[in-house]
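Trainee: Hi, could you walk me through this one? I'm new to reading structures.
Mentor: Happy to, let's open it up.

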Amino acid sequence: MSRIFEALEYAGLAPVEEPENNVEVRLNLPRPIPSFEEKLLGLYQRIDALVENRSGRIVSFAGLTDGDDSSTYVLEMARAGSVRLGKRILVLATCNSGCAKKLRDSGLTKGWEGISHSARSINDVVYQISEPPIAISQLNATKDALPTLLASPRFMNTLRLMRKRYDWIFIDTPPMNGGFDAAMLSPIADGTVVVVNAGKVRWQVVRHAVDQIAAQQGNVLGVALNRRRYVIPDFIYRQL
């Protein structure tokens, strides 16, 4: 790529080192549970081994139904990565996801649509928060805007800048039984983790969700079983 073309391609976008907005966003997360946090750190290692991209990894978390807590996984992964691993973390939320609802509760309703069709800076819609110490942004302000946003060349250019700025980018989407956000976004991610409440969903439903992502050329990294109940105490399982 020539320097002239590169300058044109990134025209109007904020430089990588430009800081984000500092705002008060209340995510109301409970204190981390040490055992769960250790499992999340182990998940970082497993994802790291599965993803070929060595910098600016993008991982999407997709729940199947309401109550699968995929947004909790996203926020707790972000907190563990920032606090325990010292990584630069960005959370991207699509409209109607759990993280997007928390942004709207704080009065932050802007999406990336404006930067895709104008010279607005990406930093107008990326917010740095203190607890957990991460950056967070809403991709699309309305449900119908997502397909157009993903088709915009400036969206992909902006996403490349975000890969340079952050070590990990986590995408939060609404449950797959209520829309196609997770499937549509799976091609831009290095991989997708499907979050399932153990014992609540038939395996055929999980298989269908995995097939949906694969049909969009997405890469399913694995399935996270949430709220798994042990017949015998957990400490005995760890000794087996």
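Trainee: Which residues is Tyr44 in contact with, leaving aside its neighbours within four places in sequence?
Mentor: Tyr44 touches Met77, Ala78, Ala80, Gly81, Leu85, Ile89, Trp168 and Phe170, where contact means heavy atoms within 4.5 Å. This is a predicted model, where local features need pLDDT of at least 70, side-chain atom pairs count only at pLDDT 80 or more, and totals for chains, interfaces and linings use all residues. Residues are numbered from 1 along each chain as its sequence is written, and side-chain values use heavy atoms, with hydrogens and water left out.

Trainee: Thanks! Which residues touch the most other members of the largest nonpolar core?
Mentor: Tyr44, Ile47, Val59, Phe61, Met77 and Phe170, out of 31 residues in that core. A nonpolar core is a set of buried (under 20% relative accessible area, 1.4 Å probe, protein chains only) Ala, Val, Leu, Ile, Met, Phe, Trp, Tyr and Cys residues joined through side-chain atoms within 4.5 Å.

Trainee: And which helix gives the most to it?
Mentor: H3, with six residues. Helices are DSSP runs of H or I with at least four residues, strands are E runs of at least two, and both are numbered from the N terminus.

Trainee: New topic: where is Pro132?
Mentor: In the loop between strand S4 (126-128) and strand S5 (135-138). The peptide bond from Glu131 to Pro132 is cis, with omega near -5°. Most peptide bonds are trans.

Trainee: What about Gln217, buried or exposed?
Mentor: Gln217 counts as exposed (over 50%) because its relative accessibility is 68%. Gln217 also has a positive phi of about 65°, although it is not a glycine.
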